[in-house]
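Here is a short briefing on selected parts of a predicted model. Keep the structure open while reading.

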Amino acid sequence: MQTTTTCPYCGVGCGVKAEIADDCVVAVKGNEEHPANFGRLCVKGSSLNEVLGAEGRLLNPVVDGEIVEWDSALETVAEGFKRTIMEHGPDSVAFYLSGQLLTEDYYIANKLMKGFVGTANVDTNSRLCMSSAVAGYKRAFGADAVPCCYEDLELAELIIITGSNAAWNHPILFQRMKAAKAKNPNLKIVVVDPRRTATCDIADLHIQLKAETDSSLFTGLLSYLARHDYLNYEYIANFTEGFADARANAELTFPDVDSVAKACDLPIMQLRTFFEWYAKTEKVVTFYSQGVNQSASGTDNSNAIINCHLATGRLGKEGAGPFSITGQPNAMGGREVGGLANQLAAHMELNSPEAVDRVGRFWGSDNVATSAGYKAVDLFEAIEEGKVKAIWIMGTNPAVSLPNADQVVRSLKQCPLVVVSDCMAHTDTVALANVCLPATGWSEKNGTVTNSERRISRQRSLLPPSGEAKPDWWIISEVAKRMGYEQAFSYDHPYEIFKEHAELSGFENNGSRAFDISQLQDLDLKSYDALKPQQWPVTDAAPYGTARLFADGKFFTPSGKAQFITVDPHDPLQQPCDEMPFVMNTGRIRDQWHTMTHTGRTSRLFQHREEPFVELNREDAEKLNIKESELVKLKNIQAEYIGRARIVDTDQRRGEIFVPMHWNKQFSAKARMGALVQPAVDPFSGQPEGKHAVVNVEPYNPAWEGWLITREPLDDALPVEYWSRVPKESASLYYLADSNKIEDMRSWCQEQFGEIDIWLEDANQNSFRAAGLNGEQLEWAFFRMPYGQIPSTLWLEQLFAETEVNMDQRRFLLSVTGCELEDPGEIICSCYQVGSHAIEDAIQQGCNSLDALGNKLKCGTNCGSCIPELNGMLGK
Ligand code: SF4
């Protein structure tokens, strides 16, 4: 049986066709009819069927460590919240939600807290993702309304990709841009990024600006457009306000290109080229993402970009507009329902008495919140200060992802009531919960999501829930009923919630709010199930959705005109100093997603990058005496991080480093990058400055290094300063290091791995190798040896799949020389499992193009995520 659904990872929102047999998703492929991806999936999407199954799932409700019945768990949560509210008031409780939730889940959570409990202490991990883009749109357009659609990327003649490694983070949009460029030789692409990333593969120009100078670049561009008479005066006069001030300020701050070049640390000629391209191209899309948003100037960055589009009238037209791309699959759905602490619902504001009255009448409540609640960073500080005493975290892992993540752990440890609903049993945040509620995961959930182009798509259930898992909307509704709000939360199916959400969007709207899907309020179950992807607004006037907004020049501000915002670029809040001289940038890698709670379930997605790493410039590395693949320690006033050095030349600016955002305590000893990020936030959006922490960098010089391979992942963390786990098909591989010598390795191994039937050992002064077998099966093998000497582990990995390790194999086990399997090197093409060694050999044999490599090895011929790396290997 085949069912269509959507991918649960990034904000592209690709359509997926899932093949189901015997209650299993046996295969997934891209849905050719879905307008986001037209049949393509990236490597994460195409491995979705590998991250399912009951293993690692939270299968039962748990209260204080004991499995309980649902009724008891729900009662515990409802009673806990009721008691806290009674004793300390409604602002003493909070929800922390996630862009992974479906719109129906989000709607219900928001309705309960803001509508009935009477507090706006509802925030979401989308605060870390795109709240600055939201604030920027609202300041300029009077509404959180993305004006563009994906098709604009194909119709543009200039695309500026800024603050986004789209090749890895929004791969299908990257491929659409790449295909558009191949089709249209006039299309120019400019990448604005302090790092040279895989996205630069399609760039005509890479602007490698100094970190956190985006608003200077775009304010400088506005000044250039004004000074050289490239303005659209008619558009400015008819449809905007505030231009004179914004212009005067831009010209004063950046009177010439030289001043912009100085601020951004860029070559003048490169800037001139960029400014001229912008000035002389009518169809311009600025595609921006977390690099722009995760900044203490995030909102100003957004407005600096939007100002340039308004000044040239490049908005609401085909192939033009400021296009913010969301990181998560349903960040946009959360924005629609009011999932942020400063929003009410359906694009209505908490500080508007009319809106509060309207929503109260619609929901039948006289207790609607009237002022903003705690935003993410403030929320966890309020918990530590004892102001918030009960928190419910849904589908997210703030103990890893939030800035100052150790403070988050501290706050949750002392919070009297921590409820976590999640589909996974082992996350850093679940470990801190008093109450764990098993939620359905992708393939079980049923509802809707909205992608970056405002397109609402169905995410359909494919399989029955694992164990006792329940949908989030059901869990929240059941708690709401037990808190006394029975009537307002009596839903039997998510389509009833969607209808209500659609009805609220149109309630007393009359064109005053951008978000309006009232045309969908009469869906019945059948039509909800059959709902085709469509872009809001969906109204009487636009029954099939709306591709672009603001074509008529009408905005949602009080005057109906778009607003120029005067932007004063300023330095980041966190400044390097003698003790912490490096700027740490953070981000995603190609094959992992968020804090690995899902992608960490398949070994395939670890083959591209096995361990946490620190990418740094070669000259910095030389100065610090750090060599490729050695361990590096990062340190600042908050925490430490240990990862492996990846040394690059000009890809990384001097004085700046990059670390991945994904590793958590289940996969590495000290690689939660959030622990190092200081909690500095944008004053308008509250979005943390996640791309600009300051740290010290030094070599980590271990007394010994080694590796370990075990049948099962270890329950407890190893007592070593550095360990990193790499899931394998039938085993877990650990890389180890410690700065303390272990005198008696044998006793250490016995202590760590316990009793076994057969002990094998090969020890001398320089190395120690041991293995343990139970019966005929290999349980573990440990090798103390420097990282650089570790051989291919493939042969050993395969021994764990065998029921019996024979005598020959045992003989070779500790020398690892039984290996007849070739080491593939780093896996470059995850789809076809093609490693760097085979690619290098093929290039040596004369394959000098992507096509030639694809024909020989198939690499790069499926999802295309590896193409930039293949090009790099080809020297292109
Ligand atoms: S680009 Fe990849 S991760 Fe993003 S939605 Fe599409 S398949 Fe999923």
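Strands β15 (residues 417–422) and β16 (residues 435–438) run parallel and are joined by 4 bridges. Within this pairing, V419 stands opposite V435 in β16. The model is predicted.

**The sheet and its helices**

- Helix α17 (residues 376–384) packs on the sheet. Its contacts there are β6 (93–97), β7 and β14 (390–394). The direction of α17 makes about 140 degrees with that of β6.
- Helix α20 (residues 472–482) also packs on the sheet, where it touches β6, β14, β15 and β16. Between the directions of α20 and β14 the angle is about 160 degrees.
- The sheet is open and has 7 strands, with mixed pairing. Their order is β5-β4-β16-β15-β14-β6-β7.
- Which strands stand at the edges? They are β5 (66–67) and β7 (122–124). Each has a single partner strand, so one side of each is left without a neighbour in the sheet.

**Helix α27: the buried face**

- Helix α27 spans residues 836–844, and its buried residues are S836, I839 and A842.
- Why do these buried residues line one face of the helix? Seen down the axis of α27, they fall within an arc of 125 degrees, so they share one face.
- Cover for the buried residues of α27 comes from elements including β33 (827–829), β34 (834–835), α28 (850–857) and α29 (867–874).
- Just after α27, G846 adopts a positive phi of about 115 degrees.

**Helix α27 against α29**

- The axes of α27 and α29 come within 10 Å. They cross at roughly 45 degrees.
- The two helices, α27 and α29, are therefore oblique to each other.
- The crossing of α27 past α29 is right-handed.
- From α27, the contact is made by S836, I839, E840 and I843. From α29, L870, M873 and L874 take part.
- Two of these α27 contact residues, S836 and I839, are also listed as buried.

**A buried loop residue**

- Where is T281 found? It sits in the loop between α12 (268–280) and β12 (284–288).
- Is T281 buried or exposed? Its relative accessibility is 14%, so T281 counts as buried; the cut-off for buried is under 20%.
- Leaving aside neighbours within four places in sequence, T281 is in contact with E157, L158 and R314.

Terms used:
Residues are numbered from 1 along each chain as its sequence is written. This is a predicted model: local features need pLDDT of at least 70, side-chain atom pairs count only at pLDDT 80 or more; totals for chains, interfaces and linings use all residues. Side-chain values use heavy atoms; hydrogens and water are left out. Buried means under 20% relative accessible area, exposed over 50%, partly exposed in between (1.4 Å probe, protein chains only). Contact means heavy atoms within 4.5 Å. The arc is that of the directions from the helix axis to the C-beta atoms. Two strands pair if DSSP finds at least two bridges between them. Axes are lines fitted to C-alpha atoms, for helices over the stretch in contact, and angles run from 0 to 180 degrees between N-to-C directions. Angles under 35 degrees count as roughly parallel, over 145 as roughly antiparallel, 65 to 115 as roughly perpendicular and the rest as oblique. A crossing is left-handed if the near helix is turned anticlockwise from the far one by less than a right angle, and right-handed if clockwise.
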